[in-house]
Amino acid sequence: MEPWDDVVGQPAAVEFLRQAATDPVHAYLFVGPAGSGKRAAARAFAADLLSDGSDDPERVRRLAASESHPDLVVVERTGASIDMATAREVARLAVRPPTEADRKVLVLVDFHLVRQAGPALLKTIEEPSPTTVFVVLADEVPAELITIASRCVQVPFRPVPAAEVVAALVADGVDEPTAALAAEAASGDLRRARLLTTDPELGARAEAWRSVPDRLDGSGHEALGVVDELIGLLDAAAGPIEAAHAVELERWSEERAANGLPTSVPKELADRHKREMRRARTDELRSGLDALAARYRSDLVGGGNPETTARALEAITDTAGGLTFNPGERLLLQSLLVRLG
């Protein structure tokens, strides 16, 4: 399997980027909704860029696919938006020489949240190091990103139909009911869908979210009990990604030991695992909200009250939008269930 196999439903973007990798410019902007495969495409594009001229291109592509290559640097926000500290870090990384390859790739995640740091980031992208290729990922192009966007080659990503994710999972050997459940929960993200197919509790968690309206009686006490249960589900959902990290660490240590190198876990790998864990938790919460919204829409089709459904869907949409700003999960869910109760 190669890195491009993780990008489904984006034939135009894949074709363009594979050709662009042979003669890249200094900056690209991938624009499309969450789950559309932008980050997977960034890994695959980086794999093509970094393996060019390598003595061991398969190793390079394998490391890039796991975001472990020393010349593939992923920059993620630590707060609700891209702040000045992050912009300064991007500037520092941009001038740092590559470690192994002839170039390095800087992947900037969630940069639709650039806010006040936009001008500082613009200066860095306008005056790039000749050995740096920027790949900026954004769900949209807000006003703060327009000038930066004008300095990049824009690559659009469309929402991925669940049927295409299901087809990819079935091709992997997953049975169709499991593939359909994972595809729905992953919102178009094939890598997450593949991880979810290993989770035997996926269906039970989705059903727990769908049953939330049946448990709300208007009392704060019952709502708090449901919140506790949902937080517990989020905690339990970490199992598959923790297992995947353990396998990766074991393989990494074995490879290092076989080459007589130290096997202590580097900070970069530990930090990446923490970022992936945070993102997986947010994805799981978003998936639960999607399942809850689906329940209300189903009730409407079955004769439910249109006004009640509209209010519930508005509350769920507001809650999902709030996930962008790293809120406290418990308070966010408490607020939602009070509105639904």
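Biologist: Which residues point one way from strand 4, and which point the other way?

Modeller: In this predicted model, Thr 132, Phe 134, Val 136 and Ala 138 point one way, while Val 133, Val 135 and Leu 137 point the other way. In a regular strand, side chains alternate between the two faces of the sheet.

Biologist: What makes strand 4 "mostly covered"?

Modeller: A residue is called buried when its relative accessible area is under 20%. In strand 4, which runs over residues 132-138, seven of the seven residues are buried.

Biologist: How do you know that strand 3 and strand 4 pair?

Modeller: Pairing takes at least two bridges. Strand 3 (residues 104-108) and strand 4 have five, in the parallel sense. One place to look is Lys 104, which stands opposite Thr 132. On the way from strand 3 to strand 4 the chain passes through helix 5 (residues 118-126), and this β-α-β crossover is right-handed.

Biologist: And which strands does strand 1 pair with?

Modeller: Strand 1 (residues 27-31) pairs with strand 4 over five bridges, in the parallel sense, with Tyr 28 opposite Val 135. Strand 1 also pairs with strand 5 in the parallel sense, this time over four bridges, and there Val 31 stands opposite Pro 156. Five of the five residues of strand 1 are buried. Ala 27, Leu 29 and Val 31 point one way from it, and Tyr 28 and Phe 30 the other.

Biologist: Why is Phe 30 called buried?

Modeller: Phe 30 has a relative accessible area of 0%. The cut-off is under 20%, so Phe 30 counts as buried. Phe 157 comes out at 5%, so Phe 157 is buried too.

Biologist: Why is the pair of Phe 30 and Phe 45 called tilted?

Modeller: Two checks here. Ring centres must lie within 6.5 Å, and these are 6.4 Å apart, so the rings pair. Planes under 30 degrees apart would be stacked and over 60 edge-to-face; these planes stand at 50°, so the pair is tilted. Phe 30 is in strand 1 and Phe 45 in helix 2, so the pair ties together parts 15 residues apart in sequence.

Biologist: What makes Phe 30 and Phe 157 a tilted pair?

Modeller: Try the cut-offs again. Their centres are 5.3 Å apart and their planes at 35°, so they fall within 6.5 Å and between 30 and 60 degrees. Phe 157 sits in the loop between strand 5 (153-156) and helix 7 (162-171), so this pair ties together parts 127 residues apart in sequence. Ring pairs link Tyr 28, Phe 30, Phe 45 and Phe 157 into a cluster.

Biologist: Which residues have the most contacts inside the largest nonpolar core?

Modeller: They are Trp 4, Leu 17, Phe 30, Phe 45, Val 105, Val 107 and Val 135, in a core of 31 residues. Helix 2 gives the most to this core, with nine residues. Another core lies apart from it, with 27 residues, among them Ala 223, Ala 320, Leu 336 and Leu 337. In soluble globular proteins, nonpolar side chains tend to be buried together.

Biologist: How do you know that the length of helix 14 agrees with what it should span?

Modeller: Helix 14 covers residues 267-301, which is 35 residues. At 1.5 Å a residue it should span 51 Å, and its end C-alpha atoms are 51 Å apart, so the two agree. After the helix comes Gly 303, with a positive phi near 105°.

How values were computed. Residues are numbered from 1 along each chain as its sequence is written. This is a predicted model: local features need pLDDT of at least 70, side-chain atom pairs count only at pLDDT 80 or more; totals for chains, interfaces and linings use all residues. Side-chain values use heavy atoms; hydrogens and water are left out. Helices (H or I, at least four residues) and strands (E, at least two) are DSSP runs, numbered from the N terminus. The expected span of a helix is 1.5 Å times one less than its number of residues. Buried means under 20% relative accessible area, exposed over 50%, partly exposed in between (1.4 Å probe, protein chains only). A crossover is right-handed if, with the strands pointing away from the viewer, the path from the first strand over the helix to the second runs clockwise. A nonpolar core is a set of buried Ala, Val, Leu, Ile, Met, Phe, Trp, Tyr and Cys residues joined through side-chain atoms within 4.5 Å. Rings of Phe, Tyr and Trp (its six-membered ring) pair if their centres lie within 6.5 Å; planes under 30 degrees apart count as stacked, over 60 as edge-to-face and the rest as tilted.
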